[in-house]
2 protein chains.
Amino acid sequence: MKLAGRDPAANGSFLVELVQWLRGQEDDGPWDGRTDLELLASLVVGQEDRGQGPPEGDPDPDVFWLIELFYGAVGSTIQRRTGVACQLLLRMHHEGFGLVVLIGGRLVVVSRILRDVRRFGFPSIEALADAGEKLVSEGVEMIQRYPEVARGT
Amino acid sequence: MKLAGRDPAANGSFLVELVQWLRGQEDDGPWDGRTDLELLASLVVGQEDRGQGPPEGDPDPDVFWLIELFYGAVGSTIQRRTGVACQLLLRMHHEGFGLVVLIGGRLVVVSRILRDVRRFGFPSIEALADAGEKLVSEGVEMIQRYPEVARGT
């Protein structure tokens, strides 16, 4: 499996970082004994699931936990590649609509508008790795472009 | 009343902006008929009140509402002076400890660590105006220093 020219199972890849974040939840019990692929499957949403869940009202709190894990892993992959520590901030505006940012120093390293987060997930593990690596690349480029801002206090 | 060389009652001052934010809450009723000073007093915490409130546990939800109003008014004053729209994001980490940022484009315009937010408030209206103007000046300077980043997408 090769994605965006990078082996997703290689050291320092987004997917390996994400697995470590998922394993970091192990105290909670449910991940014990699961393989990496089984852990990653919690972020894979099949077409058949997309229409599921409450069509109206507040999203499932688990969705925010998955968003935190996904963007948290993006942030720590960026940190591993650049040395810049990234902080995650999330603002939900109203039903399922929000803003997620990763901040490094005084720079907004990654910024994404979230829409319809009741459906947060990816069609496959390849798509998940691809989305993560794309955000990591974007973040690394921002830091390379504005290194002084990213190291500012 | 003059603060930091700026008349706090002048057009475009932080205090005038904050009053507009407080008046914007008028639909809720409780502000009807109150003077500007009475509205601003909701952000003034006397010494005698500082020990009050629950000493442990989660902060009063009203505290977050006051923090949003205060930093929201900082953001809109910065916007008025620079033309850069600011977004507020707040992350509470654990009991009363958190991070609040104002983002303009790709720049972290203002960043503050909040400690012990159960006691969010200022000893006087002068101190409130001073704290707000200081944050506004800091934000305006950041934008002047990195205009390209503040206008980035």
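Figure 1. A:Asp36 is partly exposed, with a relative accessible area of 38%. In this predicted model, the partner of A:Asp36 in a salt bridge is A:Arg23, at an N to O distance of 2.9 Å. A:Arg23 belongs to helix α1 (residues 14-23) and A:Asp36 to helix α2 (residues 36-40), so the contact ties together parts of chain A that are 13 residues apart in sequence. A:Arg23 is likewise partly exposed, its relative accessible area being 26%. Over all chains, the structure contains 14 salt bridges.

**Figure 2. The salt bridge of A:Arg81 with A:Glu133.** The closest N and O atoms of A:Arg81 and A:Glu133 lie 3.2 Å apart. The pair links distant parts of the chain, 52 residues apart: A:Arg81 is found in helix α4 (residues 61-82) of chain A and A:Glu133 in helix α5 (residues 125-145) of chain A. A:Arg81 is partly exposed, with a relative accessible area of 29%, whereas A:Glu133 is buried, at 7%. The cut-off for burial is a relative accessible area under 20%, so the value of 7% places A:Glu133 in the buried class.

Figure 3. The side chains of A:Arg106 and B:Glu138 meet with 3.2 Å from N to O. Through salt bridges that share partners, A:Arg106 and B:Glu138 are joined with B:Arg112 into one network.

**Figure 4. An edge-to-face aromatic pair in chain A, formed by A:Phe14 and A:Phe70.** The structure holds 12 aromatic pairs over all chains. In the pair shown, the ring centres of A:Phe14 and A:Phe70 are 5.4 Å apart and the planes stand at 75° to each other. A:Phe14 lies in helix α1 and A:Phe70 in helix α4, so the contact ties together parts of chain A that are 56 residues apart in sequence. A:Phe14 is buried, with a relative accessible area of 0%, and A:Phe70 is buried, with a value of 1%. Ring pairs link A:Phe14 and A:Phe70 with A:Tyr71, A:Phe120 and A:Phe122 into a cluster.

**Figure 5. A tilted aromatic pair in chain B, formed by B:Phe70 and B:Phe122.** The ring centres are 5.0 Å apart and the planes of B:Phe70 and B:Phe122 meet at 35°, so the pair is classed as tilted. B:Phe70 in helix α4 (residues 61-82) of chain B is linked to B:Phe122 in the loop between β3 (107-114) and α5 of chain B, 52 residues apart. B:Phe70 counts as buried at 1% relative accessibility, and B:Phe122 counts as buried at 12%.

Technical notes: Residues are numbered from 1 along each chain as its sequence is written. Chains are lettered from A and ligands numbered from 1 in the order in which they are written. This is a predicted model: local features need pLDDT of at least 70, side-chain atom pairs count only at pLDDT 80 or more; totals for chains, interfaces and linings use all residues. Side-chain values use heavy atoms; hydrogens and water are left out. A salt bridge is a side-chain nitrogen of Lys or Arg within 4 Å of a carboxyl oxygen of Asp or Glu. Helices (H or I, at least four residues) and strands (E, at least two) are DSSP runs, numbered from the N terminus. Buried means under 20% relative accessible area, exposed over 50%, partly exposed in between (1.4 Å probe, protein chains only). Rings of Phe, Tyr and Trp (its six-membered ring) pair if their centres lie within 6.5 Å; planes under 30 degrees apart count as stacked, over 60 as edge-to-face and the rest as tilted.
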